[in-house]
Amino acid sequence: MKSSAGRPVVAAAGRARKPAVVPERTTVDVEGTAPVKTVAARAPREESRTALVRRARRIDRELAEVYPYAHPELDFDNPFQLLVATVLSAQTTDLRVNQTTPALFAKYPTPEDLAAAVPEEVEEILRPCGFFRAKTRSVIGLSKALTEEFGGEVPGRLEDLVKLPGVGRKTAFVVLGNAFGRPGITVDTHFQRLVRRWKWTDETDPDKIEAAVGALFPKSDWTDLSHHVIWHGRRICHARKPACGACPIAPLCPAYGEGETDPEKARKLLKYEKGGLPGQRLKPPQAYLDAGGRPAPPLGAG
């Protein structure tokens, strides 16, 4: 069946029929049921503020069902490791960082150790991450600052974190939300792309995006919201060719149709565990493993 605009309209389906995102399963085909068709989204041209808030929160609820185990995809055991890993993740993948940091933290387990490191030795370890010289300066610099100004401890306040070399608001909120349990919105490239596609905001500056999106949700939701959006951007709503035909929130998306709408073709665009590939982390949370996710291979193993 098609809408007056010529787009396919979804068949009615209850929430219970939406599968979780696990390896080799998609949101468009559930065993034992007819394939779920894609929905034509209504463009919110005259959307009121109240309607926007409702739609945004519904998208987050839907994504929470699809990614119930969404988590930061950087391996870490403590705030220092998460801080360093997040700085290293600029201009590279979390997977590459996770494959690199075990050797770094084995040799330099504390800020004091990394602060006293020989830069050339750190550069060799960080070479796979790209921009290794600049990243070496950042991680050694922030380690010195932690040692000299914070007694070797990662501070739990935004205003202190952003003073550290190589640490901006995005990095600070990753650390605050996932190491200290303090809510924050992580505005990375995926987050920026998706919230603009969803017409949550027209802002382009990360700080303004953070403020605009934060105003749509309770502060307690900010950290999980960030995970849900980023996971969806990495797995389905890609930059160049989003998999619209495999998207669980197609009925709510004003940008539906920018990507592949055919369910079978869209399924082939899915990435990471939905495409049968391992996730980003070498040591993922147990909930992710229980849901069928697989750990990533170590460096040199794949």
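Residue numbers start at 1 along each chain as its sequence is written. Since we're working with a prediction, local features need pLDDT of at least 70, side-chain atom pairs count only at pLDDT 80 or more, and totals for chains, interfaces and linings use all residues, while side-chain values use heavy atoms, with hydrogens and water left out.

**Exercise 1.** Find which helix gives the most to the lining of the largest pocket.

*Solution.* 
- Start with the helices, which are DSSP runs of H or I with at least four residues, numbered from the N terminus.
- Among those supplying at least two lining residues each are α8 (169–179), α9 (189–197) and α11 (222–235).
- Now pick the top contributor: α11, with six residues.
- To see where the pocket's centre is, look for Asp94, Asp188, Thr189, His190 and Arg234, which lie nearest to that centre among the 32 lining residues.

**Exercise 2.** Decide whether His232 is buried or exposed, and list what it touches.

*Solution.* 
- Check its relative accessible area, which is 1%. Buried means under 20%, exposed over 50% and partly exposed in between, using a 1.4 Å probe and protein chains only. So His232 is buried.
- Collect its contacts (heavy atoms within 4.5 Å). Leaving out residues up to four places away in sequence, His232 touches Leu63, Tyr67, Leu194, Trp198, Cys237, Cys247, Pro248 and Ile249.

**Exercise 3.** Work out how Trp231 and Tyr288 are arranged, and which parts the pair ties together.

*Solution.* 
- Recall the rule: rings of Phe, Tyr and Trp (its six-membered ring) pair if their centres lie within 6.5 Å; planes under 30 degrees apart are stacked, over 60 edge-to-face, and the rest tilted.
- The whole structure holds seven aromatic pairs. In one of them, Trp231 and Tyr288 are 6.0 Å apart centre to centre with 80° between the planes, so the pair is edge-to-face.
- Trp231 is in helix α11 and Tyr288 in helix α13 (residues 286–290), so the pair ties together parts 57 residues apart in sequence.
- Zoom out, and ring pairs link Tyr67, Tyr69, Trp231 and Tyr288 into a cluster.

**Exercise 4.** Say whether Glu149 is buried or exposed.

*Solution.* 
- Go to helix α6 (residues 132–149), where Glu149 is found.
- Its relative accessible area is 55%, so Glu149 is exposed.

Conventions
On a 1 Å grid over the protein atoms alone, a cavity is a set of points where a 1.4 Å probe fits but cannot get out, and a pocket is an open set with protein on both sides within 12 Å along at least five of seven lines; lining residues have an atom within 4 Å of a point.
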